[in-house]
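I opened this entry to look up charged side-chain pairs. My notes follow the display.

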Amino acid sequence: MPSLRKLLENPLFCALLAIGLAACHRTPDESRVRQGVEAAEQAAEQADASALDALLSDDFSGNNGEMERRQIVGLLRAARFRGETIHALTGPIEVEARGERYVARFTVTLTSGGKLLPAQIGLYRVETAWRKEGREWRCYSATWTNEG
């Protein structure tokens, strides 16, 4: 059996060891939920309905049933089709574990330069609920209130 020193001198072994160690590292769930919120912000700014759709669960409910997944995704598709510009500025994100699920709270300031959405959409206080579906974290509920 080769010595440990000889194994460590082998570049192929070192590469496999590095890949193996990287595979063992797992991003904490709280960080993955934060990343989901940030990805949603980017999807809104880019009017990327597919990217937002990938973050939402099939049974997503916005403002207690006022807006379903297909409606919010359709709004982004329409904005992109019309060449709308959307600007989102997210405030600090607070993430709280609730059993196997997470709640993320933050503020977001939305503005738009188009006609589909008002020019000044405003400041909103947002609470989102996330659950793990397979290996991915998906938002299954969101509530928002206009703060001004």
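Is D58 buried or exposed? I looked it up in the model, which is predicted. D58 has a relative accessible area of 69%. The cut-off for exposed is over 50%, so D58 is exposed.

Next I checked the partner of D58. Its side chain meets that of R69 in a salt bridge, at 2.2 Å from N to O. The pair links distant parts of the chain. D58 sits in strand β1, residues 56-62. R69 sits in helix α5, residues 69-81.

Then I looked up R69 itself. R69 has 17% relative accessibility. Buried means under 20%, so R69 counts as buried. I noted the contrast: D58 is exposed, whereas R69 is buried.

I turned to a second pair. The side chains of R98 and E96 form a salt bridge, 3.3 Å from N to O. R98 is partly exposed at 44% relative accessibility. E96 is also partly exposed, at 31%.

A third pair came next. R138 and E133 meet through their side chains in a salt bridge of 3.9 Å, N to O. I read 22% relative accessibility for R138, which counts as partly exposed. E133 is at 29% and counts as partly exposed.

Which residues are linked with R138 and E133 in a network of salt bridges? I found D59 and R131 there.

Last, I took the total. How many salt bridges does the structure hold? I wrote down 12.

Notes
Residues are numbered from 1 along each chain as its sequence is written. This is a predicted model: local features need pLDDT of at least 70, side-chain atom pairs count only at pLDDT 80 or more; totals for chains, interfaces and linings use all residues. Side-chain values use heavy atoms; hydrogens and water are left out. A salt bridge is a side-chain nitrogen of Lys or Arg within 4 Å of a carboxyl oxygen of Asp or Glu. Helices (H or I, at least four residues) and strands (E, at least two) are DSSP runs, numbered from the N terminus. Buried means under 20% relative accessible area, exposed over 50%, partly exposed in between (1.4 Å probe, protein chains only).
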